[in-house]
Amino acid sequence: GMGLKKIKINTTQLEEKANSARAIYEHARSLGKDFGPYAEASADAFLPLLHNEYSGDVRSTSAQALCQIFKAACLSASAGSVAQALPQNLLPVLAKALAK
């Protein structure tokens with residue numbers, strides 16, 4: 001091994017990531033289909049956070065946010081606001097990421 005190592009974790013940054021996931025969750029839930037145009041960018045931002053090794057809170061809030069983002073994308077696609085391909089492309093990516 002490498003012996004004892006001292007690491008430093010910026011907990012403020014982890015808290016900000018979890019809080020941002022909570023905020024996006026609420027926005028996606030409240031806006032519904034109107035959140036559709038932001039769904040792809042939001043999903044791209046939160047997918048990597050599902051595997052954050054330093055914070056379970058970041059992982060769980062990101063997963064919750066992604067579920068609402070997906071729901072908003074589906075509602076938006078049903079209303080014709082965004083392309084049908086967005087939820088269809090997002091579902092397998094979410095399923096694979098959540099299964100890990």
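The exposed residues P37, Y38, A41 and D44 lie on the face of helix α2 that is turned away from its buried side. Here buried means under 20% relative accessible area and exposed over 50%, with partly exposed in between (1.4 Å probe, protein chains only). The structure is a predicted model, in which local features need pLDDT of at least 70 and side-chain atom pairs count only at pLDDT 80 or more, while totals for chains, interfaces and linings use all residues. Residues are numbered from 1 along each chain as its sequence is written, and side-chain values use heavy atoms, with hydrogens and water left out.

**Overall architecture**

- The protein contains 4 helices and 0 strands, and its elements follow the order α-α-α-α from the N terminus on.
- Helices (H or I, at least four residues) and strands (E, at least two) are DSSP runs, numbered from the N terminus.
- Taken along the principal axes, the box filled by the C-alpha atoms is roughly 55 × 25 × 15 Å.
- Of the 100 residues in the protein, 35% are buried.

**The buried side of α2**

- Helix α2 spans residues 36-46, and its buried residues are G36, A39, S42, A43 and F46.
- These residues are on the same side of α2 because they cover an arc of only 105° around the axis, the arc being that of the directions from the helix axis to the C-beta atoms.
- In general, an α-helix has 3.6 residues a turn, so residues three or four places apart point the same way.
- The cover over the buried residues of α2 includes α1 (11-31), α3 (56-78) and α4 (85-99).

**α2 against α3**

- The axes of α2 and α3 come within 9 Å and cross at roughly 155°; axes are lines fitted to C-alpha atoms, for helices over the stretch in contact, and angles run from 0 to 180 degrees between N-to-C directions.
- Because of that angle, α2 is roughly antiparallel to α3; angles under 35 degrees count as roughly parallel, over 145 as roughly antiparallel, 65 to 115 as roughly perpendicular and the rest as oblique.
- The crossing in which α2 passes α3 is left-handed, a term used if the near helix is turned anticlockwise from the far one by less than a right angle, with right-handed used if clockwise.
- G36, A39, S42, A43 and F46 of α2 make the contact with S62, L66, I69, A72, A73 and S76 of α3.
- The residues of this contact comprise 7 nonpolar, 4 polar and no charged; Ala, Val, Leu, Ile, Met, Phe, Trp, Tyr, Cys and Pro count as nonpolar, Asp, Glu, Lys and Arg as charged, and the others, Gly among them, as polar.

**α1 against α3**

- The axes of α1 and α3 come within 8 Å and cross at roughly 20°, and the two helices are therefore roughly parallel to each other.
- α1 passes α3 in a crossing that is left-handed.
- On the α1 side, L14, K17, A18, A21, R22, I24, Y25, A28 and R29 meet D57, V58, T61, S62, Q64, A65, Q68, I69 and A72 of α3.
- The contact of α1 with α3 is made up of 10 nonpolar, 4 polar and 4 charged residues.

**α3 against α4**

- The axes of α3 and α4 come within 10 Å and cross at roughly 160°, and these helices are therefore roughly antiparallel to each other.
- The crossing of α3 and α4 is left-handed.
- A63, L66, F70, A73, C74 and A77 of α3 form the contact with L86, P87, L90, L91, L94 and L98 of α4.
- The residues of the contact of α3 with α4 are 12 nonpolar, no polar and no charged.

**Individual residues**

- S62 belongs to helix α3 and is buried, with a relative accessible area of 0%.
- Apart from its neighbours within four places in sequence, S62 is in contact with A21, F46, L49 and L50.
- K96 belongs to helix α4 and is exposed, with a relative accessible area of 58%.
- K96 and S62 are 34 residues apart along the chain, and their C-alpha atoms are separated by 15 Å.
- A99, also in helix α4, counts as exposed at 67% relative accessibility.
- The C-alpha atoms of A99 and V82 are separated by 27 Å, and these residues are 17 residues apart along the chain.

Definitions and conventions: Contact = heavy atoms within 4.5 Å.
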